[in-house]
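Reader: I have the sequence and the model open side by side. Please take me through some points, from the whole chain down to single residues.

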Amino acid sequence: MKAAQAISEMIHLDQLTATLMQVVIENAGAETGALVLLEDDRLTVVAQCSGSRQCNLEKIAVAGCATIPVSVIQSVERTSETLVFDDAISEPSFLTDRYIQNQQTRSLLCMPILKQNQLIGILYLENNLSTGVFTSDRLQVLKLLIAQVAISLENARLYERLSDYSETLERNVEEQTQALQQEIAERQQTEAALRQSEANYRNLLQTANSVIIRYDPQGRIRYINDYGVKLLGYEEHQILGRTLFETIIPDIEISGRDVRPFVHDLLRNPQSYPQGEGENLCRDGRRVWVVWSNQAIFNEQGDVVEILSVGNDTTQRRQAEEALQRSEAKFRTIFENSQVGIYRTRTDDGLILNANQRFADLFGFDSPQEIIGIEHTIGYWVNPSDRQQGIEVMKRDGEVRSFEAQMRKRDGTVFWGLFSSYLNADDDYIEGVLADISDRKQAEVALQASEAELRALFSAIPDPLCVFNAKGQVIGAIKGNPSYGELHREEYIGKTLHQLYDTEQADEFLSYIQQVLRTQQVLTVEYSQWIAGREIWFSARIAPIRHEQVIWIARDITLQKRAEAASILEERNRMAREIHDTLAQAFTGILAQVGAAKQVLTDDVEATEAHLDLIKELARTGLVEARRSVVALRPQLLEEGSLQSALHRLVAQLRTAAMDTTLYYEIEGAVYSLPTEVESNLLRIGQEALTNAIRHANADEIRVELIYDHDQFCLRVRDNGQGFGVGSIPASLGFGLLGMSERAERIGAQLTIRSQPGEGTEMIVTVDREASQ
């Protein structure tokens, strides 16, 4: 009798039912479930359970139960076959089942519980959150579990009957001795089956893919399965006997939440926390998120002796959810703050299903709430045919990109919109973006008008015009009407300067182009070419344009050059004749008079002869200088090129003559032309400064610098010679310095001379570029 009571205490049918159902639901992935047993030849619901609540163990006849699909239970009862539906509401056989249609049941499983091919019960599971939950793998596991459930249920029933038998045996011990012996034998068999069932159940707990842990009300861990040991990184002996706070419960979660008060409350009132989720601490310091289902275990007095918790690792799911939340927040920020309108509209009538603030602004509304679900964009197209055209393109290609159309705001204002959209034909909506391009369209119209005006202007220019890139390639040209007779040839386009001209001239032209692109300033140059047996002179203006290109406009200045040369020649001949007829004749007369005087003077013949020889020498010197002036009246160096090239040739000539002196010639800045009169006087000033430095300074280094600033030009000549006091100018330099000063004054330039004995001399001429024009 005492043994039977002990065994009865070990196995209580209601508690066993609840525990078995919880294990089955968690391992099958079900949301809810019910256990139906055959009692007195009638199917009775003995347990209804969910993962988040305690099992309802009230017994209800299947026919009168409104919380399960009766037609499904009856079908399994008739066929003893397992029913598995991935989406129960779509099953034709049960379209009339009121429970399935009302609950919108998704995943459904109904499995018979058999013992020796006899139906003893039915297991019903469902999941309304997802379809296809009860996979073949889970079905195999459930079949193993159900086999153990059948044995455990039968054993529990046997124990209940044993309890009844014990009472009967007490009253009829003598009469039922033989029956008792038989019962003892059956009990021994039952005990063996129970031990086997318990072993199977323990093996199930150890191999479950969930953390199963049991602890007392003080939080000391009494049991943990292998999965939990591996997940949390402990050895079994390292965690058993220790408290939750010493092992898997962190003081503070990463989010900052203090979980200790919650766990203390769970230990005091486990019934209040059937389910929860939180961070758990692994032995190596890692944090894992676990969803726990908690079940209090009571003794016969109703006191909580242990708490059973089953946990599933949700770390990856939490990480995915957090990443999704960050992505959604980022997208929401982009959506709300985008500078282009973002929208979703219904295809047939253009009803606005969703829109951001910018989209509302474009149509003159204060907020998206004023248009979402209210306004139809079909009424805001200036030309409804444009919308239809865009829809046809989307139906054909699935999307439309950079589609331009005129739209109308709420107040009637028309603007140009640029659309990029795609069509979701299945859900009947269009989704895309819209930008206001009215400014761009106005700019395009203005640009077209400007281009037309420029083309008309260029077509009226009589001079040929070419466009070169940085490599000297002709990429465009406009015909001109040059006076030298050669018309524009289209075959020049695409060719380079080196294909059109000899190497020296092509290099020179390419250097002009690169200088203009580097300085981004207009350059004017003069050059000549031999065309049809004639030398043709050109004045070219080279101007930078966008994309590393220049415009080259060449004007025929041959006639001007010839007229200028003739004028110079005439002026030179006139002055030469004037000098010849005056100064040269005077010197010749001096020589003749000196010869005559020498013959008649007899007093102090020696002194007279010396004076006369001196006069003769001076006259000859003057005659030579006069003849030199006739030849060099106009600077030949400047006639052969620009100021910088004339000074370059002058320096080159002086290098040959002054072997002991090193001459440096430098140009700084972008070269530009100055008026001819200015450049002529600058050349003479530079020539005089160089001559003085070589003849009088005894310098071993002379430096000539041309500095082209944007607003002014500077000529600087420096030497490291003996120098002089500017306040006491030597007689040998006086006339030359005076000439330089007069020339500077003539062209409106500023002349500065700095010199100290022993410290060299520096001469600086500064010309204001604008004033010199």
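Reader: What does the accessible surface of the protein come to, and what share of it belongs to carbon and sulfur atoms?

Author: The model is predicted, and the area is computed over the whole protein. The accessible surface comes to about 43,900 Å². The part that belongs to carbon and sulfur atoms is 49%.

Reader: How many helices and strands are there, and what percentage of the residues is buried?

Author: The protein has 22 helices and 27 strands. A residue counts as buried under 20% relative accessible area. Of the 773 residues, the buried ones make up 39%.

Reader: Of the contacts with a separation of 6 or more, what share comes from residues 24 or more positions apart?

Author: The count takes contacts between residues with a separation of 6 or more.

Reader: Where is Thr 32, and is it buried, partly exposed or exposed?

Author: Thr 32 belongs to strand E1, which covers residues 32-39. Its relative accessibility is 22%. Buried means under 20% and exposed over 50%, so Thr 32 counts as partly exposed.

Reader: Which residues does Thr 32 contact beyond its neighbours within four places in sequence, and what separates its C-alpha atom from that of Gln 48?

Author: With those neighbours left aside, Thr 32 is in contact with Ile 25, Cys 49, Ser 50, Tyr 124, Leu 125 and Glu 126. Gln 48 is 16 residues from Thr 32 along the chain. The separation of their C-alpha atoms is 7.6 Å.

Reader: What is the phi of Gln 104, and where is this residue found?

Author: Most residues other than glycine have a negative phi. Gln 104 has a positive value, near 55°. At 38% relative accessibility, Gln 104 is partly exposed. Gln 104 is found in the loop between helix H4 (98-103) and strand E6 (107-115).

Reader: Is Asn 698 buried or exposed, and what is its phi?

Author: Asn 698 is in the loop between helix H20 (676-696) and strand E24 (701-708). Its relative accessible area is 62%. Exposed means over 50%, so Asn 698 is exposed. Its phi is positive, near 50°.

Reader: Which residues gather in the patch of negative charge on the surface, and which helix holds Glu 770?

Author: The patch consists of Glu 668, Asp 709, Asp 711, Asp 768 and Glu 770. Glu 770 counts as exposed because its relative accessibility is 69%. The helix that holds Glu 770 is H22, residues 769-772.

Methods. Residues are numbered from 1 along each chain as its sequence is written. This is a predicted model: local features need pLDDT of at least 70, side-chain atom pairs count only at pLDDT 80 or more; totals for chains, interfaces and linings use all residues. Side-chain values use heavy atoms; hydrogens and water are left out. Helices (H or I, at least four residues) and strands (E, at least two) are DSSP runs, numbered from the N terminus. Buried means under 20% relative accessible area, exposed over 50%, partly exposed in between (1.4 Å probe, protein chains only). Contact means heavy atoms within 4.5 Å. Accessible areas come from the Shrake-Rupley method with a 1.4 Å probe; for residues, only the protein chains shown count as cover. Patches are made of residues with over 30% relative accessible area and no salt bridge: like charges are joined within 9 Å, nonpolar side chains (Val, Leu, Ile, Met, Phe, Trp, Tyr) within 5 Å. A salt bridge is a side-chain nitrogen of Lys or Arg within 4 Å of a carboxyl oxygen of Asp or Glu. Lys and Arg count as positive and Asp and Glu as negative; His and the chain ends are not counted. The place of a charge is taken as NZ of Lys, CZ of Arg, CG of Asp or CD of Glu.
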